[in-house]
Every structure is written in C-alpha cells, then in structure tokens.
Amino acid sequence: MPDQFKYWRAVNSLRNGELSFIQAFISDGNVNQASVFFALMPFPTPVSPISLGFYNTFLYIILFFVLYVKRVFTNVSIWFYLLFPSAALYTALSLRETLIFFFMTLTIIYTRESKIFKSALFVIPIYLIKFQNFFILGPIVLIYFIFNVARKGMSLAKALMIGAISLAGLLLSAPIAIPLVNFFRVAMFVEDGGDRDDISLITGAGDFVFQGLTSALYFLVKPLPWEATSALQLIQSLENVFVLGVLFLITRQAWRKNLDKLAFWLLFLAFSMSIYGLVVFNYGTAVRYRYPFVMIYVLFVCADCNITRLRSNKRIKNYTQPIFKSSE
C-alpha cells in the first residue's frame, strides 16, 4: 500500500522542520493534514512506515479504554472490536483510516452524552482529514440532537420520513448533484487504476435513485467470493460473510428489543453506504472506507439495545438493563 510512504514522509518533514504545521494545514490534499495529528503524538520520529503504524495501534488501544470507561462495550461488541480482521489490518498500517475512526467514534460518544461542544471539537478534525466522512457524520449528529435520540430514540416512522425527505432532496438537486457524483465516480475509478472509458455514468434522476439504493447494499458486501482476484480479496470476501452474519444477528435482536434505538443506526448505516457506494469501485478501497462505519454500527447498536449475545433463545420485547451497572 504505497500511500503509507506518503504519510511517513510527511510526518518526518513535519518533525524535522522541512514542513511547517501551518503549511501542512493549508496544503492541497489530506495527507499533510492527517500527518499533523501523527506528528503531534508523543512518540519518536518513525524510521519506517511500520514504525508509523504503531501510532495507529496506540490510538486503537486508547480508544478501547475510552469505550470501556464510557461503558459502551457489551459482551458482543468488545469481542468484535478486538477480532474484526479489517480493523486489525488497517490499525497496524500508517494510513489515515484509524485517525478517522478514532475521531468519528469520539464524536458519537459525546453526541450520545449530549455534550455538544465536545462532539463538535472531535468532528472538526474529520473535516481536515476526510471531508466526505464529515458530511456524512455531520447530518447524522444533527439529527441525533434535533430528535433527542439519546432519550427518546427514533421511531422507524421518523427514520423512514427522514429517508423519504432525503430522497426527495436528491431528486430536486439531481441537475446539480449528478454531475458532481459522476465527477467523483470517474476520479476515484481512475485513481484506483481504472480506465475512465470503462466507467458507467449516471444518466438521469431515476438512474440516480436506483444506483444510490443498489450501490449501498453492494458496497456493504463487496467483494463477493467469486469476484476475488487475489489472496487478500479472497480473505476480505470471507470476512464479509462473517461480518454480514454478525450484522444480521445483531440487527435482528435489536429489532426485537428496542426498535426506536435501532432505527437511528439503520439510518446511519444506509446513509453512509449509499454515499460511498455511488463513487467507490475498488474492492480494497471499499473495505478501507467501510470498516469504521461497520465498527461504529456494531458498537452503538449493541450499546443502545443491550445486545450481549449473538443468539437469543427467546424474543425480548422490553429494553433490559445495560451490561454495566451504574456507579451511582
């Protein structure tokens, strides 16, 4: 993954003074902006991309203890956090994905606690590192505050209403949105090594809606086993089978226990998968972009709906007490 060398060189340039922090923040692209956060971490200057990968591993460990102290983990989500293969891979590499996951998770933690200032503080770095995730997470956070999801939850009817309004907004903005989406589809396809003549463009409002709905599901499951062209893709496809099974079992139990809390996270997952499904084609890129959203979905569905086991012998309709007892 050659992108690792870009981050490594940028961190070294910041540490030895060749690049100032101000220059890094105002430069084009997101490599320098993400590297600023790496350079500020209290570790020796990395001598290789592998060394920089330990920075991400440290963030992942710190986040583990934050989630534990905040009582987010359940018996299911704590093992998923530790054993999710994509998380183990990308948190060991010198890429920005762990930074993105770190700040996204902290934003949601403080949003759930109704701490507006702290949630805003942690969402700002996401804009600097990866603005796409900022524009996905930003509306979700606003919806959480506006509908007071922390206390009241969000009914399935409200989630469907928000989805319908979003769909209507897309249709109304189609003359402006379609050229932008096509631009990013082509740009990301070419960046991943494809030929711009091989990419199919969105041709109209109807195609826009169809592509948005179908690409969301496909983005969640790709690469499929028969689409794998390398050993890594085959492993990723087998991982997908396992992860989809876990998502199904968690979602089924949450549906039975607390549909009002689940509806919000279904909206979160559908919105994020739809956005990236429209523009990402490379299988490896899809796995990198997808894993923070899948991890967040599992963590907070389990926390909000008290999912402590993957299988349940009986249907539980009422919300049960959380796995951690209150300290009060």
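Predicted model: local features only at pLDDT ≥ 70, side-chain atom pairs only at ≥ 80, totals over all residues.

Me: Is Asn306 buried or exposed?
Reply: Residues are numbered from 1 along each chain as its sequence is written, and side-chain values use heavy atoms, leaving out hydrogens and water. Buried means under 20% relative accessible area, exposed over 50%, and partly exposed in between (1.4 Å probe, protein chains only). Asn306 has 5% relative accessibility, so Asn306 counts as buried.

Me: What is the phi of Asn306?
Reply: Most residues other than glycine have a negative phi. Asn306, found in the segment after α16, has a positive value although Asn306 is a residue other than glycine. Its phi is near 55 degrees.

Me: How does Ser114 count in terms of accessibility?
Reply: Ser114 lies in the loop between α7 (97–112) and α8 (116–129); helices here are DSSP runs (H or I, at least four residues), numbered from the N terminus. Ser114 also has a positive phi, about 60 degrees, without being a glycine. Its relative accessibility is 43%, so Ser114 counts as partly exposed.

Me: What is the omega of the peptide bond from Lys222 to Pro223?
Reply: Most peptide bonds are trans. Pro223 lies in the loop between α13 (205–221) and α14. The bond from Lys222 to Pro223 is cis, with omega near 5 degrees.

Notes: Helix = DSSP H or I, 4+ residues; strand = E, 2+ residues; numbered from the N terminus.
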